[in-house]
Amino acid sequence: MDHFPYLFSAYAIVWIVLFLYLLSLDRRGRRAERDLEELRKLLQAKAVK
Amino acid sequence: MLAILAKDLRIELRTREGVSSLAVLGLLVLLVFQFAFPERPTPEAAAAALWLAFVLAGTIGAQRTFLLERENACMHGLVTAPLDPAMIFVAKMLGNVVILTVLQFLVVPLTVVFFDVAPTSRLGWLAVVCFLGNVGFSAVTTLFAAISVRIRAREVMLPLLVLPLVSPLLIAAVQASARLLGDGSAAEVSVWIQVLAAFDVIFAAAGWLLFEYVVRE
Amino acid sequence: MKRLGSWAGPGLPWIVGPGMLGALYLIFMVVPTERVQGIVQRIFYFHVPAAWAAFLGFVVVSVASALFLWSGRAAYDRVARAAAELGMIFCTLVLLTGPIWARPIWGAWWTWDPRLTMTVILWTIYAAYLLLRSFGGADEAVARYAAVLGIVGALDIPLIMISVRLWRGMHPSVIGARPGEGGLADPSMRFTLFYTGLCFVLLFVWMLLVRLRVLRVEDEIEAIHRRIHPA
């Protein structure tokens with residue numbers, strides 16, 4: 001039973017991939033929120049005119 | 001409140017649509033169960049068949065609770081009437097209890113005959129178990145029938161919503177009935193009756209309090 | 001919730017990411033192999049924390065549902081919805097990892113042990129909740145229906161617990177008391193379990209915040225849409 005390092009690395013790689021995926025989702029969500037905020041300001045400015 | 005209950009029961013009495021179709025359905029479930037158990041049936045099998053027939057027929061019957069109101073747009077009238085929504089819930093739930101009691105009066109003797117079990121000495125306790133199971137089941141189905149009638153795919157949704165929630169009720173009712181139809185001790189049965197009673201109180205209260213949020217337009 | 005999101009949002013991934021790597025290191029490299037059960041016992045360090053996260057999801061759903069009905073604010077509804085989705089994921093993980101462990105130890109993939117029964121019932125309630133939402137669409141009334149189900153489901157939990165315990169308690173047990181949980185003899189085992197549990201809960205919170213942001217953006221787009229095209 002000396003293969004634990006392999007097991008560990010396999011799980012670590014899976015986790016890192018998953019983590020990066022989640023991180024990208026997080027980033028994209030933030031960007032969408034920012035864009036939406038801008039859009040709303042634009043709309044408001046237009047409505048004032 | 002009594003007026004709604006009386007109205008629903010009068011419709012049922014005149015048409016007999018609900019009870020008669022439910023009765024045949026209950027009979028069919030008992031028959032199918034017989035085919036599934038070819039050997040000499042046990043009290044456990046009898047209890048399982050009894051409550052399965054009850055739950056299947058009851059779920060389908062409960063679909064109808066608000067269907068008539070939906071079809072004729074009467075729900076709007078009911079909700080806007082100067083009436084506590086909780087009262088509508090109570091009336092509808094009692095209507096279901098009555099119809100399901102009729103169903104039980106048919107299904108229980110049939111179970112006794114088909115499965116050759118004799119609950120002679122404990123008929124009263126069996127009636128208590130049936131009644132408590134009926135009330136708890138009606139409380140849950142009435143609340144969720146009001147929900148499922150307003151969404152798409154309502155035929156699928158009601159059993160999906162109701163069955164997981166009534167699983168503790170079902171476990172308790174089947175266990176208690178199996179002991180009453182077989183030879184369990186009174187102490188064993190009383191534990192299950194307590195579970196059933198707790199279920200009834202909790203879900204009748206939940207329906208009473210939450211129904212308002214379901215019917216609000 | 002929005003404030004919590006902006007406060008915890010940027011930092012949280014950098015706690016969860018390395019934290020989970022540390023958990024994996026503990027699970028595979030540090031903790032000694034359980035003597036009786038062997039290597040397969042290590043799945044517990046995933047199984048039990050996932051169960052905690054699933055249960056946390058259920059608590060969040062019911063509390064948020066009650067708050068939504070009480071206040072009528074859409075933000076609580078979004079919390080309930082996101083928590084239900086995540087709870088479903090973790091509950092599924094619990095149900096998948098359990099049999100992998102049970103097969104070599106109990107000799108069966110599945111038994112009707114109280115905890116298993118309860119988990120599978122909770123799973124079906126989650127499933128019903130999510131199906132209700134997907135069938136119902138974005139209607140405001142559907143949010144209320146889902147909240148009712150969220151509250152009723154929470155009320156059901158104690159009854160489910162009692163009835164499945166009594167149900168199995170009266171039968172002769174095939175396997176005997178569940179081994180393992182009480183028998184985490186080595187302190188490093190207990191530490192690993194709690195540390196991994198903490199990581200899972202933080203992961204749950206992070207994913208919840210990410211999902212919430214998407215739901216919020218969706219709602220706001222819908223609102224703008226309605227303002228431009230008042231149908």
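This is a predicted model: local features need pLDDT of at least 70, side-chain atom pairs count only at pLDDT 80 or more; totals for chains, interfaces and linings use all residues.
Me: What makes up the side of chain C that touches chain B, by class and by element?

Reply: The elements of chain C that give two or more residues to it are α5 (114–136) and α6 (140–169), and α6(C) gives the most, with 17 residues. In contact terms, 29 residues of chain C meet 31 residues of chain B; the two chains bury about 2,700 Å² between them, with 79% of it on carbon and sulfur atoms. On the side of chain C, the residues that lose the most area to chain B are C:Phe135, C:Tyr145 and C:Leu159, which together account for 24% of what that side buries.

Me: How many salt bridges does the rule find across the interface of chain C and chain A, and which residues are linked in a network of salt bridges?

Reply: Across the interface of chain C and chain A the rule finds four salt bridges, and four residue pairs are in polar contact there, both residues at pLDDT 80 or more. A network of salt bridges links A:Asp26, A:Arg30, A:Glu33, C:Arg213 and C:Arg216.

Me: Why is the pair of C:Arg213 and A:Asp26 called a salt bridge?

Reply: The closest N and O atoms of C:Arg213 and A:Asp26 are 2.9 Å apart, and the cut-off is 4 Å between a side-chain nitrogen of Lys or Arg and a carboxyl oxygen of Asp or Glu, so the pair qualifies. In general, side chains of opposite charge can pair when their charged atoms come close.

Me: What area do chain C and chain A bury between them, and which residues of chain C lose the most area to chain A?

Reply: Chain C and chain A bury about 2,400 Å² between them, 78% of it on carbon and sulfur atoms. In chain C, the residues that lose the most area to chain A are C:Phe28, C:Trp206 and C:Arg213, together 24% of what that side buries. Here 29 residues of chain C are in contact with 22 residues of chain A.

Me: How do you know that the salt bridge of C:Arg78 and C:Asp219 ties together parts that are apart in sequence?

Reply: The side chains of C:Arg78 and C:Asp219 meet at 2.7 Å, N to O, in a salt bridge. Because C:Arg78 lies in helix α4 of chain C and C:Asp219 in helix α7 of chain C, the pair ties together parts that are 141 residues apart in sequence.

Me: What makes the separation of C:Arg81 and C:Glu85 about one helical turn?

Reply: C:Arg81 and C:Glu85 are four residues apart in helix α4 of chain C, which means that about one helical turn separates them. Their side chains meet in a salt bridge at 3.8 Å, N to O, a value that is within the 4 Å cut-off.

Me: How do you know that the span of helix α6 of chain B agrees with its number of residues?

Reply: At 1.5 Å a residue, the 30 residues of this helix (residues 85–114) should span 44 Å, and the end C-alpha atoms are 42 Å apart, which agrees.

Me: Why is B:Thr111 called buried?

Reply: B:Thr111, whose place is in helix α6 of chain B, has 2% relative accessibility, and the limit is under 20%, so B:Thr111 counts as buried. Leaving aside neighbours within four places in sequence, B:Thr111 is in contact with B:Leu30, B:Ala46, B:Leu50, B:Asp116 and B:Val117.

Key. Residues are numbered from 1 along each chain as its sequence is written. Chains are lettered from A and ligands numbered from 1 in the order in which they are written. Side-chain values use heavy atoms; hydrogens and water are left out. Contact means heavy atoms within 4.5 Å. Buried area is the accessible area (1.4 Å probe) that two parts lose on being put together, summed over both. A polar contact is a pair of N or O atoms within 3.5 Å; within protein, one must be able to donate a hydrogen and the other to accept it, and residues adjacent in sequence count only if both atoms are side-chain atoms. The expected span of a helix is 1.5 Å times one less than its number of residues. Buried means under 20% relative accessible area, exposed over 50%, partly exposed in between (1.4 Å probe, protein chains only).
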